[in-house]
Amino acid sequence: MSEWWTYRPSDFLLFAPRTYYRLFELYNADIWPLQIVTLLAGVLILVLMRSRAAWRGRVIAATLAVCWLWIAWAFHWQRYAPINWAAGYFAVGFAIQALLLIWIGVVRDRLRFDSTPSVIARIGVAILVFAVAVQPLLGLLLGREWRQAEVFGVAPDPTVVATLALLLAADRGSPTALPIPLLWCLLSGLTLWVMNAADALLLPMVASLVLLLSFRRSAARR
Amino acid sequence: MTSNIHQALRPPSAGRRRLLLALATSPFIVPLRASAQSSSLLSRPIPSSGQALPVIGLGSWITFNVGNDRVARDNCAEVMRNFFAAGGRVVDSSPMYGSSQEVIGYGLGKLRQAGPPAPVFAADKVWISAGARGPGQIETSRQHWNVPRFDLLQVHNLLSWQEHLPTLLAMKAAGELRYVGITTSEGRRHREFEQIMASQPIDFVQVSYNVLDREVEQRIFPLARERRIGVIVNRPFRQGDLIRSVARHPLPAWAAEIDCANWAQILLKFAVSHPAVTCAIPATSSVAHVRENMGAAVGRLPDEAMRRRIVAHVEKL
């Protein structure tokens, strides 16, 4: 792309905001009542984080990986790609993240939670609660239709926030699992920004917070 | 301060012009208005062939990229129906515009089911880095549109133009394509653009032009006239920003002197009144807006003095 400096983020917006939110509306209608299942999965993750079961990290990682894989296929590949040619790449990225979660959390069992969580881990839990319980309601609060709700486990944004929250809450950092969710926060934030969405800064703010706290935790452990 | 000598297919009388304007603004008499308007639309000849094109076309950037949403697709088909009913011909798209090509094909298919095929002047683009993959992309685009052939194919934003232009010119020579062009937007790569205009046998250029973005008047428009190249104007409303900005202000009294009933028509008439311009391609997903836009292809166009007045007025807003 020549003269790349003359392009603005809005030059890459291929669709109208109305089309973007209709995408969620139609998607939600198509997959209903899967949203109930994924919300329950979110609650299950929260419950498991408080349990002492040795296998909890593996179950949480596997659950998250299934969500990422589902979003890669059902959302990005099947529904987002027709209006955004970049969504094919998003699908690949989400599938890679699913494999990373399986590798880190299921195969290597690195997703563990301290029985006496640190302040940073508690912030992670709070963000997770936000992703599961509050984020789906944000659109409604901002004047969008409830049918366009973005629900944890089936919509990218709350699932990415929940993943970052879990990685923050885990007692050992997993830096290899961070780049794709962080990149998505940037991309989604830019998309919403050029659509003049009121919640455009939410994901970049969450990403910045998680990045900052992750560095702080790493520094404290050195 | 107005001119009425610009290539109207059948210049209407003053009384008939008033009638047409009244019909154009009435929501209740669409078929009558449509047929009356289409018979009197302002048009411009394509310099390389003399074929007349209505000065207002239909773009599809963003507005027609609605994916598989059936309701939105039907709405776009309705926009197209109103566009053709009002006498519109030129529809422009690109492989870059997401699902827009498929949505245009859907709209044309619906129109075919309802009656005779729409008299579309199909303008599309080739937009792919590898020149060898150009023909495959063009064929995919043609299938999306579901037309026997394109009227115009343009190299989108000059991407790999050295490789695509020979392909398009060969298609034209073989009778698989009627016109060849190149595009840019928002003033990018104008120097290279001019070099291609000066050296290649192209029929069209597509550039951004509106009352506030007039850089193309300096070199590209004169070159187009000199080389007998048609000019298609994109972003006449600056992707909606310009019309949103001026719409806050009352319509100036002089709008009536150029038969404009709204700001959209003033902005469009400004764009198409430049003698180098063949047509403008505003994009919309609104039936009301496409009717408004087509109203810019009726009545008097601004002359040079009025064009200067429009610029001065809008720059002050």
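How many residues of strand 8 of chain B are buried? Five of the five residues in strand 8 (residues 204–208) are buried, so the strand is mostly covered. Buried means under 20% relative accessible area, exposed over 50%, and partly exposed in between, with a 1.4 Å probe and protein chains only. Helices (H or I, at least four residues) and strands (E, at least two) are DSSP runs, numbered from the N terminus.

This is a predicted model, in which local features need pLDDT of at least 70, side-chain atom pairs count only at pLDDT 80 or more, and totals for chains, interfaces and linings use all residues. Residues are numbered from 1 along each chain as its sequence is written, chains are lettered from A and ligands numbered from 1 in the order in which they are written, and side-chain values use heavy atoms, with hydrogens and water left out.

Start with chain B as a whole. It has 12 helices and 11 strands. Of its 317 residues, 58% count as buried. Contact means heavy atoms within 4.5 Å. Among contacts in chain B between residues at least 6 apart in sequence, 76% join residues at least 24 apart.

Now the sheet. Seven strands of chain B form an open sheet in the order 4-5-6-7-8-9-10, with parallel pairing. Strand 4 (90–92) and strand 10 (279–280) of chain B stand at the edges; each has a single partner strand, so one side of each is left without a neighbour in the sheet. Two strands pair if DSSP finds at least two bridges between them. Strands of a sheet pair through backbone hydrogen bonds, either parallel or antiparallel.

Go through the sheet strand by strand. Strand 6 (residues 150–155) of chain B runs parallel to strand 7 (residues 177–183) of chain B, and five bridges join them. Here Leu153(B) stands opposite Val180(B). Three bridges then join strand 7 of chain B to strand 8 of chain B, again parallel. Thr183(B) stands opposite Gln206(B) in strand 8. On to strand 9 (residues 230–234) of chain B: five bridges join it to strand 8, and the two run parallel. Val207(B) has Val233(B) as its bridge partner in strand 9.

Helices come next. Helix 5 (residues 134–145) of chain B lies across strand 4, strand 5 (121–126) and strand 6 of chain B, at about 145° to strand 5. Axes are lines fitted to C-alpha atoms, for helices over the stretch in contact, and angles run from 0 to 180 degrees between N-to-C directions. Helix 4 (residues 100–114) of chain B packs against helix 5 of chain B at about 35°, with the axes 6 Å apart. Gln101(B), Glu102(B), Ile104(B), Gly105(B) and Leu108(B) of helix 4 meet Ser141(B), His144(B) and Trp145(B) of helix 5. The residues of this contact divide into three nonpolar, four polar and one charged. Ala, Val, Leu, Ile, Met, Phe, Trp, Tyr, Cys and Pro count as nonpolar, Asp, Glu, Lys and Arg as charged, and the others, Gly among them, as polar.

Glu102(B) also forms a salt bridge with Arg73(B) (4.0 Å, N to O). A salt bridge is a side-chain nitrogen of Lys or Arg within 4 Å of a carboxyl oxygen of Asp or Glu. This pair links helix 4 of chain B to helix 3 (residues 70–85) of chain B, across 29 residues of sequence. Glu102(B) is partly exposed at 31% relative accessibility, whereas Arg73(B) is buried at 12%. Another pair, Asp241(B) and Arg244(B), has its closest N and O atoms 2.7 Å apart. These two are three residues apart in helix 9 (residues 241–246) of chain B, so about one helical turn separates them.

Finally, the two chains meet. The contact takes 19 residues from chain B and 19 residues from chain A. Together they bury about 1500 Å², 45% of it on carbon and sulfur atoms. Buried area is the accessible area (1.4 Å probe) that two parts lose on being put together, summed over both. In chain B, Ile62(B), Asn65(B) and Arg188(B) lose the most area to chain A, together 34% of what that side buries. One salt bridge is counted between the chains. Asp69(B) meets Arg22(A) in a salt bridge at 2.6 Å, N to O.
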